[in-house]
Every structure is written in C-alpha cells, then in structure tokens.
Amino acid sequence: MRFVWAVVAFVLATVLIGAGIAQRTIFMGPSEQTMELSVNEPQPYVLVDAEVLGAHPGLQTLLVRGEGEMFVAYGRTDDVKAWLSDTSYTDVTLGKGDKPKSSTVAAQQPPAAGGETSGRNPSGSDLWLDSFTDEEILVTKMQLTPGHSVLIARDGVQPAPDDILVSWGLDTRTPLAGPLMVAGGVLLLAGLVLYILAIRHQRRGRGPLRKGPAPLPETEPIEMPAAPKRKAIEAGDGTSDASEPGSPDAVTGDQPVSDGQDSGTGRTQRSALRRRAWLGLPALALTAVLATGCSPESWPDLGAESPTPTPTPTVVTPEDQKPPVVTEKQGHRIIAQIEETVSKADTDLDIELAETRLAGAALEGRRTEYVLRGKIADRDTNLTAPREKVTILLPEAADGWPRSVLALTVSEKDDTVPPVLLTMTQDDPWSNYRISEMADMPASSEFPDVAPEWLGTTRVPQDSPFLALPPEQVAAAFSDFVDSGDKSEYAGRFDETAVKLAQSVRDSRAAVVKGLKDKKADKTSKVAFDMKPTDETPLSLATLGSGAVVSVSVDDIETITPTTKEAVIRVGDNPEASALTGVKESAKGFTTTYSIQLFFSVPAQGSNEQIRLLAYHQDLISVKVIK
C-alpha cells in the first residue's frame with residue numbers, strides 16, 4: 001500500500017509543480033497593452049488629452065522617439081491649454097471605439113512672441129507638475145488622473161516628435177504559482193519518504209533469504225561402512241570422506257556459503273535504496289529553486305498591513321473651491337529653484353538674474369543693495385532669502401491669474417537663523433513665480449493654523465467685512481500707529497511684536513533728530529518723517545480660524561531740508577547717501593526711503609484677538625536729491 005501512496009504523491013507533485021510553472025509561462029498573458037498616437041500635421045507642440053491616458057486602467061508608460069532633444073511635461077489640462085492659448089498645436093484625443101485621433105488647434109489669442117507660433121521653449125516653466133528631457137528616446141512612467149494632460153515638444157520652434165506610444169501595464173500576478181510549486185515539492189518529498197518506507201517494509205516482511213539444499217543424486221543402494229570406518233569417524237579422523245557428494249556433512253558444509261550470499265544481497269539492496277534517495281534530491285532542489293526564484297507576483301499578498309488611522313484636524317472643503325495652484329512637490333521644487341537663483345544673483349550682484357525670481361519690494365531692496373555693495377567695499381548687510389526647507393506651503397485655490405502662494409521656510413544648516421516667510425506670485429501662464437514680499441519671522445511669532453497644501457485656500461477680498469480689519473486698510477493702520485503712537489485710533493489693535501517694531505522705528509527717527517541737534521544743525525535744517533502704504537496690492541489668504549494672513553509693504557520716508565536760503569544739507573559721513581546720489585551736498589535737501597515688508601495675522605470680525613505681526617524686514621530703497 002505504501003507503494004501506491006508513493007505513486008499518488010509523485011503524480012500529484014508533478015501536477016502541482018507543472019501547474020505552478022504553467023501559470024508563470026504558457027498561461028500568463030501579455031504584460032502590457034499599447035496605443036500608438038498619430039500626428040496628422042507637424043506642430044511645435046503636441047497635447048495628449050487626459051482621456052487618452054485613461055483609455056485603460058493602470059500605470060501609464062509614455063514612449064517618445066525622435067532625433068535630438070525631446071521634452072515631455074504634464075500638468076493640469078486647463079493650465080496647459082492656457083499656456084498654449086497663443087499658439088497652434090496638435091491636440092490628441094480619444095475618438096470612436098477608443099481610437100486616438102489628432103487635430104490642429106489654432107491660436108486663441110495673438111502670440112506672445114510674435115509670428116505664427118510663439119517659439120517659446122516649454123522647458124523650465126513653473127506651470128508643470130513635472131517635466132522630463134532626453135535625447136532620441138524618452139521613456140517615462142506616469143499615473144495621471146482625469147484633468148491632467150501631457151505636453152510633448154522640442155524647443156517650441158521645431159516640430160514636436162510624432163513617434164509617440166502609450167502603454168498600460170496589465171495585471172500579471174499569479175498568486176497561486178508559488179504555493180502550487182511549494183505544495184508540489186512537499187508532496188514530492190513525501191512520495192520519496194513513502195517509497196523508501198515501502199521498500200524497507202517489504203524487506204523486513206520477507207525475512208532472511210537462504211540457499212536451498214543441492215539436488216539429491218539418483219537413488220542407489222546404500223552400503224553400510226565397516227566398523228573400523230565408523231570408529232574413525234567417531235574419533236574425528238580428518239581422513240573421512242565427508243567431502244563426498246551427497247553426504248550429510250557435505251550438505252551441512254554448504255550452509256555457511258548460503259548465509260554469506262544472503263548478507264551480500266542485503267547490502268546491495270540497501271545501497272540501491274540510498275541511490276534512489278539521492279536520485280530524488282535533484283527534483284527537490286529544482287522545486288526549491290523554482291519556488292524561491294518566483295517574483296512577488298507569484299505569491300499572495302499576505303504581508304500588506306492596513307494603515308493605522310491617525311487623528312487629523314477636520315477640514316471642510318468649501319463648495320465649488322478650485323484646486324490649489326501648486327502641489328506640495330511642485331511648490332517645494334519652485335522655492336528651491338528660486339533660492340538657488342537668488343543666491344547666485346546675490347553672489348554675482350546680477351540684478352537681471354534677480355528680476356527673474358523677485359518682484360515688488362523684494363526686488364527694489366536688492367536693486368539698491370547691489371549698487372551699494374558695488375561701491376562700498378566693506379558693506380556686509382545681511383540679505384533675506386528663502387531658506388532650504390519648506391515647513392508651511394499655503395497655495396491659493398484658483399484657476400486664473402495672477403495666482404499666489406504663501407510659504408514658510410527654515411534653514412537646515414543653522415538653527416540660529418530666523419525662518420523666512422514669503423509670498424510668490426505668477427502673473428500669467430507664461431511667467432514663473434516671483435517673490436514679492438519676504439521677511440524674517442521672529443521667535444516670538446506663532447503662525448496661525450492654515451489648510452493643508454493639497455486643499456489650498458482662498459484669497460480674501462480687499463474690502464472684506466468679515467475680518468477685524470479689511471486687508472486694504474492694514475498697511476495704512478500700521479503706518480498711522482507708527483506715526484501717531486498712542487494717539488492713533490489703531491492703538492491697542494496690534495500685538496506686542498508689532499508694538500515693538502513701531503517703537504523701534506520711532507527710536508530710529510529720534511536718533512536722527514538728536515544727531516542734527518548734536519551737530520547744531522537743527523537751527524538751519526529740519527527733518528520730517530512719514531510712513532505710508534505702497535502701491536502694491538496686499539495679498540490676503542484665509543486661515544482655518546476664519547481669519548487671514550495679510551502681507552503688505554509700507555514706505556518709511558525721511559526728508560531733510562534747509563530752513564534758510566543760505567544753508568545747505570551735506571551728506572557728511574553717510575556712505576549710502578553718497579553712493580546713491582553721487583553728491584556731497586544739496587541746497588534743497590535729501591529724501592531717504594526705507595521699505596518695510598510686513599506679514600500680519602488678522603483675526604475674524606468680532607474676535608477679541610489682536611492683529612499679530614508674523615514677520616517683517618526693512619530695506620533701504622533710495623536716497624534722492626530734492627530738485
């Protein structure tokens with residue numbers, strides 16, 4: 001019976017191992033399905049619509065072939081179409097029967113750079129969620145969702161590549177292949193054990209094998225030996241004829257020979273059993289190799305653990321809110337590029353390079369500082385710039401332009417340097433983001449709770465009545481508080497950090513007055529101070545507490561004029577005024593302008609909280625001779 005079970009185990013092992021191998025070979029279907037995209041007319045740009053990429057489920061692999069350098073980017077469909085609105089392009093969509101079709105789309109507005117096409121290179125635009133470049137063959141994997149499209153181009157002048165292939169990976173997992181081969185290996189081992197036990201049992205059941213007696217000779221009369229002969233036998237005479245054939249002693253003498261032959265046969269059979277056992281090892285080894293060499297797709301996914309939920313603040317998405325203008329990865333990449341560009345511009349004192357990433361008060365402060373550094377050798381004024389790491393990213397949720405992003409950056413190299421709070425704005429689809437306000441955040445400031453970057457936030461209207469102070473009045477209110485002090489109607493509305501900043505401005509003004517008095521110039525000259533908002537429109541983004549973060553810029557203007565016709569105002573030991581004006585004195589005086597960039601947290605209307613100053617930074621903007 002053991003032989004029967006051994007044979008059954010061998011058969012089942014063969015079936016299971018064969019079935020496991022067949023699942024990974026002859027029964028496994030194709031690993032991907034492909035779609036070739038055709039271009040009917042050469043254009044500088046090819047737009048592959050989101051529905052083409054979503055024609056089949058799974059990870060999308062885009063293959064583009066052509067000569068020279070090729071460019072591929074993906075982004076929101078509306079954003080990409082806005083970028084292409086001033087030029088013609090090839091639009092690839094999904095037609096009947098899920099077949100791709102292409103059509104030429106004409107420019108919707110005059111080209112930005114003139115001519116039939118804009119000739120604009122798409123490489124380096126902040127609009128793309130991600131982009132890729134390569135020579136001759138470009139392959140990239142994507143997992144785009146509806147609402148996103150792919151842009152294919154070269155440099156915006158040459159025709160875009162037209163050899164385009166999209167493929168989708170198919171599910172080729174065979175989770176039973178591994179278990180089947182392992183089960184087959186186990187049965188193969190069990191069959192070998194049963195086979196060995198069966199042979200062993202058979203050997204023990206038959207007992208020792210003995211050689212039978214030799215055939216008797218033909219019947220003849222038996223002659224009785226003589227008495228002396230008998231005595232000789234009894235005496236043990238070795239000369240007896242016991243070796244005669246047919247004698248009882250001859251038969252008995254053959255017995256040891258029979259036993260010796262039986263022992264040799266047992267040893268031979270045991271050696272055969274060992275050889276059979278060794279013959280089974282290659283089969284077991286092959287099964288083990290097949291089982292262990294299987295890819296993860298050959299096994300059931302038993303190790304996946306369910307994520308442990310963690311409590312997060314409840315965020316309710318407002319109805320009809322637009323998507324955020326940048327993603328987390330996109331925003332971090334843009335800020336890193338700005339930090340690199342600004343750092344290089346500061347090193348080279350290159351204002352044209354700085355203009356590509358700075359605007360407004362941040363740019364004007366750099367413009368003046370570069371001039372001063374070029375003329376004053378030992379000038380070492382620190383320049384505020386984005387830090388290496390982004391800790392808070394608050395993008396505006398919008399689909400139009402201009403669009404803005406608020407970010408808080410910290411240093412990864414030096415914990416002693418203050419964080420930098422900044423706002424960056426993209427004016428139109430063809431522009432990159434530029435920083436307009438940028439200020440250091442003191443340790444005493446606490447940033448308010450804001451929405452996560454994947455949700456974004458809305459821009460608060462300038463005249464919003466739902467804040468403690470409308471955004472359009474914040475700069476003027478702080479300016480009045482600095483100029484008027486406790487007599488200002490806004491006294492008590494700002495927090496301690498804002499009060500300290502206002503007092504430091506008053507103290508610097510008092511120092512100027514005291515300096516004139518010490519030089520006894522107060523009788524022939526006078527100084528006046530005035531703080532007022534700039535022409536820049538404040539940026540106000542909503543927080544989770546129904547308040548807003550409002551960024552503004554104010555100008556602190558200092559004017560020194562003579563009080564008599566005979567008097568003149570000399571620059572004296574003021575190297576900044578001398579470097580910026582190029583004169584030593586003026587009969588009408590000088591006007592010095594400082595720009596202060598401010599970030600406030602404005603609470604909701606009816607709140608008992610004060611308006612909190614989050615960050616601030618001051619730059620010298622100009623020193624001018626009064627005409």
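Predicted model: local features only at pLDDT ≥ 70, side-chain atom pairs only at ≥ 80, totals over all residues.
Residues are numbered from 1 along each chain as its sequence is written, and side-chain values use heavy atoms, with hydrogens and water left out.

There are 7 aromatic pairs here. Rings of Phe, Tyr and Trp (its six-membered ring) pair if their centres lie within 6.5 Å; planes under 30 degrees apart are stacked, those over 60 are edge-to-face and the rest are tilted. Two of the pairs involve Trp83:

| Pair | Centre to centre | Between planes | Type |
|---|---|---|---|
| Tyr45 and Trp83 | 5.4 Å | 85° | edge-to-face |
| Trp83 and Trp128 | 5.3 Å | 65° | edge-to-face |

Tyr45 sits in strand S2 (residues 45-48) and Trp83 in helix H3 (residues 77-83), so their pair ties together parts 38 residues apart in sequence. Helices (H or I, at least four residues) and strands (E, at least two) are DSSP runs, numbered from the N terminus. Trp128, in the loop between strand S5 (100-105) and strand S6 (130-142), is 45 residues from Trp83.

For a charge to sit over a ring, NZ of Lys or CZ of Arg must be within 6 Å of the ring centre and within 35 degrees of the ring normal.

Elsewhere, Phe478, Phe481, Phe494 and Phe600 form one aromatic cluster, and the charged end of Arg506 sits over the ring of Phe481, 5.1 Å from its centre.
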